[in-house]
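Open the model in your viewer and keep the selection panel at hand. The tour goes stop by stop.

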Amino acid sequence: MAKCSEDKKEEAEVHKLKANEFFQKQNYDKAIEFYSKAIECNSEEPIYYGNRSFAYLRMECFGYALEDATKAIEMDKSYVKGYYRRASAYMSLGKYKMALKDYETVVKVRPSDKDAKLKFTECQKIVQQMLFQKAIAVDDDKKSVADSINLDAMTIEDNYDGPALEDGKVTEKFMLDLMEYYKAQKKLHKKYAYKILLDIKAYFTKQPTLVDVHIPDDSKFTVCGDIHGQFYDLMNIFKLNGLPSPSNPYLFNGDFVDRGSFSIECIFTLFGYKLLYPNHFWMSRGNHESVTMNQMYGFEGEVKSKYSSQMGDLFTEVYNWLPLCHCLNKRVLVMHGGLFSSDTVTLDDIRKTERNRQPPEEGIMCELLWSDPMPGPGRAPSKRGVGTQFGPDVTKRFLDNNNLDYIIRSHEVKDDGYEVSHGGLCITVFSAPNYCDTMGNKGAFINLQGDTMEPKYVTYSAVEHPPVKPMAYANSLLRLFS
Amino acid sequence: MMAAEYGSDDGVIATNDDATSCKACAVSLGYWKDPYLPHVYPAAPDRRPPEINRGFYARTHSIFLLIQKFIQVTKGDCQIVNLGAGFDTLFWRLKSAGHTPVRFIELDFSEVTAKKTHYIQRSKALLQAISDDDYDIKLNRNNLHGFRYKLMSTDLRVLSEVEAKLEESEIDYSLPTAFIAECVLVYMCPTKSSQLLNWIAKKFKSAFFINYEMVNLGDRFGEVMLSNLRSRHCDLQGAAACATLQSQEDRFVQEGWAGAEATDMMGLWERLPRADVSRVMRLEMLDENELLTQLFSHYCITTAWTDTRWTEITL
């Protein structure tokens with residue numbers, strides 16, 4: 001590299017001073033322009049890169065900021081500001097561990113710098129929190145919330161006029177009372193709510209990840225898709241198709257909660273029926289039965305407001321144990337999302353999948369909850385950023401390898417509530433009509449007969465629901481208009 | 001003038017609280033920086049779904065960029081009039097980015113301006129930006145005259161009031177003036193909103209208008225929304241203009257504006273600076289895109305001008 005002449009160095013300094021002026025005036029665009037000019041004249045000066053990095057930080061171009069800060073540090077390992085800038089860039093990019101290393105360096109070199117110490121401590125807190133979250137997400141030896149619930153200490157007030165478990169058990173009467181109580185927008189007593197959750201958790205921990213369901217030849221069977229907290233539409237499904245019973249079995253294919261404003265009512269109704277008819281009522285996990293989704297899409301807020309965050313934590317534990325997949329009569333596989341990024345996945349692979357955790361970002365469990373079919377052959381990266389898209393050939397190979405007839409999945413809103421794709425090998429069923437009070441779609445469910453296992457579709461429109469305050473999603477929708 | 005003729009004003013006034021709350025949520029999640037918002041919305045914001053946060057980001061940032069451009073192109077020799085401004089913090093955000101017009105006037109119902117006046121008085125940060133050594137801030141319960149910043153109570157449906165309040169704020173009809181309306185015209189009956197647009201075009205030598213509003217209301221989505229709003233006592237009297245992008249443009253041209261261009265939020269999203277959009281998309285992962293697409297296809301920003309110089313004010 002040609003050594004920089006004195007003239008050029010001087011010119012560079014002039015550019016830098018000009019850039020600094022622009023920086024002071026918060027004209028970061030111009031500041032970057034002139035720092036770049038300075039670098040063109042003299043590419044050996046770490047301060048130019050450090051300053052330009054700062055300007056990039058202000059413009060939130062964190063990638064560029066990182067590049068420049070790294071370059072500055074490379075040129076001068078003792079350039080403290082460089083580490084500072086790089087740490088800021090790392091923070092904004094979510095790379096907290098890397099940021100921590102750099103803050104540590106700054107603190108060591110400048111032990112009396114209060115701001116550095118503050119940033120270091122803050123960063124450390126974030127990193128520690130992240131490690132903690134990671135630990136509890138995967139670790140099933142940790143103390144469970146379930147163990148800390150003391151039902152005996154909860155008393156039923158005299159003025160509680162709602163449904164009551166009989167001897168701690170769900171009965172048909174309880175379910176009928178519960179649904180009426182919910183229609184009147186009332187709240188199940190927390191003692192019964194917790195009991196249901198504890199019993200449901202105990203039940204699901206004993207279930208396999210892939211559940212084999214047997215449907216007798218002459219029996220009807222109904223598969224429903226996403227419900228998303230739309231309780232009144234769930235009641236309409238029961239009205240159209242009959243209440244769940246041993247002769248009217250149901251499978252709900254995930255996404256019971258979030259977005260709709262009545263997720264609590266939905267989930268307790270479904271869990272109640274699961275406890276009442278364990279061998280005739282099935283529930284599969286959806287991608288919304290997870291912490292991140294519940295935080296963003298309303299369920300966490302609803303649980304906290306109707307009950308407590310402790311109950312929210314218990315829900316998390318329960319959702320972790322929901323089965324991921326159901327195989328009906330060894331012919332039809334039902335999962336919330338879809339199929340896999342690998343052709344070699346077998347039913348046994350699914351059975352062996354460790355599911356007691358938050359959905360991971362890749363792999364069988366992730367794909368079962370997140371994937372989507374696509375019309376064209378082969379595979380493609382998911383539009384959602386998680387899971388995969390899979391074509392008709394992928395579906396055919398999977399079905400052939402595993403001796404199955406077709407798959408049923410949900411996860412995507414459809415105008416008519418259902419969609420038949422991949423030549424009938426992949427069926428989508430979505431049971432939340434007028435999704436979010438916005439999409440205007442119909443909902444649907446599938447009726448099967450045990451002997452033929454041929455799908456028959458029933459579609460329906462949304463029914464009215466109370467204008468609950470807050471009508472979570474719909475209210476927000478209106479706010480965009482305000 | 002019968003109040004019943006216009007539906008309940010309370011419903012419309014409440015839309016400000018809703019919008020501010022949503023903005024507060026988005027800001028708290030990092031969608032954009034607004035250190036002034038907590039001063040007008042002190043409570044901890046309720047969490048909204050990611051689509052809503054993105055929608056507010058697109059809306060707030062688009063308007064900011066357009067106004068910023070307007071101020072830059074006129075070299076600050078301009079006025080901004082925010083119709084139905086609510087608790088918007090645009091004046092302060094512009095100021096801290098180094099952009100000050102000659103005059104920034106906000107108009108809204110007295111119930112709204114009274115609260116805002118109160119918040120401004122209590123906040124050092126807000127007061128500082130509207131103060132100047134050579135200027136004494138004048139205020140009463142519903143109105144505030146600051147340095148360059150004026151907050152006036154008025155009913156936008158009463159043209160004589162609008163005119164009076166603008167003149168009280170020392171409006172200069174000859175200066176290039178940008179008007180902002182975020183879901184305001186739609187709550188007025190078409191006669192009144194047309195009257196207002198017509199008057200602006202006639203009175204102001206060089207006017208520019210940014211109208212953020214619903215669009216494509218003729219479909220299922222529109223039906224649902226209209227009925228939802230009606231149940232909250234917000235009659236969308238001006239819904240007709242929201243039928244299509246074309247109708248949003250026509251409503252200006254028919255009232256004497258030289259031209260107008262409407263773009264829905266899908267289109268605007270594509271035009272926002274990419275680096276910032278990438279940053280925003282990383283804040284919250286969308287579990288699906290259909291809802292966002294639906295939302296974004298039903299909102300638009302229409303820019304209109306009486307002076308062809310302002311055709312260059314785009315994203």
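Select Cys224(A) and Cys266(A). The sulfur of Cys224(A) has its closest cysteine sulfur in Cys266(A), 11 Å away, which is too far for a bond. A disulfide here means two cysteine sulfur atoms within 2.5 Å. Searching the whole structure gives 0 disulfides over all chains. Stay on Cys224(A): it is buried, at 0% relative accessibility. Buried means under 20% relative accessible area, exposed over 50%, partly exposed in between, using a 1.4 Å probe and protein chains only. Cys123(A) is buried too, with a relative accessible area of 0%.

A word on the ground rules. This is a predicted model, where local features need pLDDT of at least 70, side-chain atom pairs count only at pLDDT 80 or more, and totals for chains, interfaces and linings use all residues. Residues are numbered from 1 along each chain as its sequence is written, chains are lettered from A and ligands numbered from 1 in the order written, and side-chain values use heavy atoms, without hydrogens or water.

Next, select His288(A). UniProt annotates it as "active site" in an unreviewed entry; such annotations may be inferred rather than shown by experiment, and positions follow the numbering used here, with feature names shortened. Where does His288(A) lie? Look in the loop between strand E4 (281–283) and helix H12 (291–297) of chain A. Helices (H or I, at least four residues) and strands (E, at least two) are DSSP runs, numbered from the N terminus. His288(A) is buried, at 0% relative accessible area.

Now show the side chain of Asp258(A). A polar contact of 2.6 Å links it to the side chain of His288(A). Such a contact pairs N or O atoms within 3.5 Å; within protein, one must be able to donate a hydrogen and the other to accept it, and residues adjacent in sequence count only if both atoms are side-chain atoms.
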